[in-house]
Amino acid sequence: MVGYHVSDANSYIVVTGGGVEDVKIVKKAWVHPWQKANVISISPFDFEIALQAMTIEKLQFSLPAVFTIGPDDEPSALRKYAMLLTGNADGTPASRGATPTQTGRAHVQTIVKGIIEGETRVIVSGMTMEEIFKERQMFKTKIIENVQTELDQFGLRIYNANVKELQDTPGSEYFQFLSRKAHEGASNQAKVDVANARMIGEIGEAEKRGRTRQEISKIDAQTAVLETQRKSEKATADAELSTTQTKLNMQIKLAQIQASRQAESRDAELQRDVEIQRAEMELERMRATDVVQSKIKRESAQQVADAKFYTDTKGADGTLYKQKQDAEAAYYRATKEAEATFFAKRKEAEGITEMAKAYGQMATVLGGPQGLLQYMMLQNNTYEKLAKANAIAINGLQPKISVWTTGAEGAADASAPIRNLFQSLPPLLSTIQEQTGILPPSWMAQMPPQVDSAALVKKSKNATVNGDGGPH
């Protein structure tokens with residue numbers, strides 16, 4: 001080894017001996033007889049490990065990983081590496097025939113493996129399985145940082161660390177269950193998406209049908225208004241207008257009832273589809289629950305609850321949208337009904353006004369309001385109706401009529417008023433007795449005995465007028 005030495009590009013020469021304090025690391029150097037020179041390689045090397053670790057939840061798993069590690073190309077790091085890791089594991093110098101990349105590699109890998117296993121177990125013992133899955137990059141970073149801290153004292157550097165997929169240890173099926181759960185979750189989500197797409201399509205179809213019915217109702221309402229206008233112009237009586245309005249109201253109510261029944265039928269169909277989908281999802285959740293552990297049961301139940309909430313939310317949105325469309329259609333129909341009613345009343349008022357003008361002109365022709373009144377009474381047979389009503393009113397009354405006179409009028413007699421008064425008392429009292437049955441006091445007059453009713457009727461029918469002044 002005495003002479004001038006030059007190292008390869010990926011190597012360094014480590015010189016020890018006389019004239020050198022500790023070690024000297026160079027690319028080229030003269031080596032004297034009292035000195036020793038060794039070549040160290042700084043090429044990184046790969047090695048795989050399958051670490052058995054346990055999480056904070058006491059779940060065991062296998063962590064396959066591949067690390068690329070090599071000496072750090074810094075003077076202080078190379079000094080540590082040359083002093084601590086060159087040579088064999090038992091402290092003997094490496095054989096002179098060994099290549100630089102082979103020198104001490106088995107010893108170095110054993111040390112590095114022990115550091116990696118120790119630091120990884122420390123990190124994993126403080127994390128849950130969920131954190132390891134979700135924070136994969138952070139987990140990898142923690143391992144690299146902690147291992148690098150330990151490797152710094154040996155002058156080594158981690159160039160790359162590849163953490164593979166976690167695996168079950170013998171006798172454990174945790175990851176197998178998680179894979180099955182993910183598959184079931186994706187299948188359930190696909191079913192939910194299909195049901196959602198079907199719901200959107202049905203809602204769109206119902207919306208188009210609703211708009212079609214609205215346009216038809218609008219055209220029907222406009223047609224009805226035009227028909228009402230034409231009929232109101234030709235109508236001469238209020239009966240025709242009332243009949244037309246009644247028909248329109250009946251048609252609108254029938255249309256409203258039909259639309260309401262169709263909406264209720266469609267809503268029942270949608271509710272049935274939602275219940276079917278909900279039952280299928282519940283069945284899948286129960287199947288998954290029978291084969292997984294308690295934690296997987298909780299997560300599956302959470303997914304089913306989320307799917308149910310999403311389905312209920314979309315169903316409520318669809319119901320709200322349908323109710324909104326129905327309310328707008330009802331408002332439009334009510335507006336058109338109000339416009340038709342207003343137009344009919346206005347035409348009715350115009351007709352009454354024209355009739356009043358015609359009656360005014362007729363009153364002028366007939367000589368005034370009295371003539372118009374008599375004409376209308378004759379036109380409507382009012383006199384005949386009054387006579388008929390009076391006849392019906394007195395029919396069967398059998399009135400009693402008494403007629404008497406008190407003498408010739410015009411005689412010049414001072415005692416005539418007194419005489420006439422006393423002459424009128426007997427027939428007056430007799431009439432009161434005959435018609436009411438009431439007798440005057442005995443001190444006033446003595447009345448003859450009362451005859452039967454048949455005689456009174458006969459007497460009333462055969463009543464005569466006394467021209468001499470005496471009553472009959």
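**Figure 1. Helix α8 and what covers its buried residues.** In this predicted model, the cover over the buried residues of α8 includes α7 (294-365) and α9 (382-394). Helix α8 itself spans residues 369-379, and its buried residues are Gly371, Leu372 and Met377. Look just past the end of α8 and you will find Asn381, which takes a positive phi of about 60 degrees.

**Figure 2. The crossing of α7 and α8.** Two packed helices are described by the angle between their axes and the distance between the axes. Here, the axes of α7 and α8 come within 7 Å, with a crossing angle of roughly 110 degrees. That angle makes α7 roughly perpendicular to α8. On the α7 side of the contact, look for Tyr359, Met362 and Ala363; they meet Pro369, Leu372, Tyr375 and Met376 in α8. Sorted by class, this contact has seven nonpolar residues, with no polar and no charged ones.

**Figure 3. The largest nonpolar core.** In soluble globular proteins, nonpolar side chains tend to be buried together. The largest nonpolar core of this model has 38 residues, and Phe67, Ile69, Phe139 and Leu156 have the most contacts inside it. At least two residues of this core come from each of the strands β2 (11-17), β6 (45-54), β7 (60-71) and β8 (156-163), and likewise from each of the helices α1 (75-84), α2 (105-125), α3 (129-134) and α4 (136-151). Helix α2 gives the most, with six residues.

**Figure 4. Around Phe67, with a second core to find.** Setting aside neighbours within four places in sequence, Phe67 is in contact with Phe45, Asp46, Phe47, Ile49, Ile116, Ile143, Ile158, Asn160 and Ala161. A second, separate core of six residues is also there to explore, with Ile13, Val15, Ala29 and Val31 among them.

Figure 5. Across the chain the mean pLDDT is 76, and 81% of the residues reach 70 or more. Confidence is highest in α7, at a mean of 85, and lowest in helix α11 (residues 453-461), at a mean of 49. Over residues 96-103 the pLDDT is below 50, and this stretch has 12 contacts in the model beyond near neighbours in sequence. The pLDDT is also below 50 over residues 463-472, a stretch with 18 such contacts.

Key: Residues numbered from 1 in each chain as written. Predicted model: local features only at pLDDT ≥ 70, side-chain atom pairs only at ≥ 80, totals over all residues. Heavy atoms only, no water. Buried < 20%, exposed > 50% of the residue type's maximum accessible area, 1.4 Å probe, protein only. Helix = DSSP H or I, 4+ residues; strand = E, 2+ residues; numbered from the N terminus. Contact = heavy atoms within 4.5 Å. Axes fitted to C-alpha atoms, helices over the stretch in contact; angles between N-to-C directions. Parallel < 35°, antiparallel > 145°, perpendicular 65-115°, else oblique. Nonpolar A, V, L, I, M, F, W, Y, C, P; charged D, E, K, R; others polar. pLDDT = per-residue confidence, 0-100. Core = buried A, V, L, I, M, F, W, Y, C linked by side-chain atoms within 4.5 Å.
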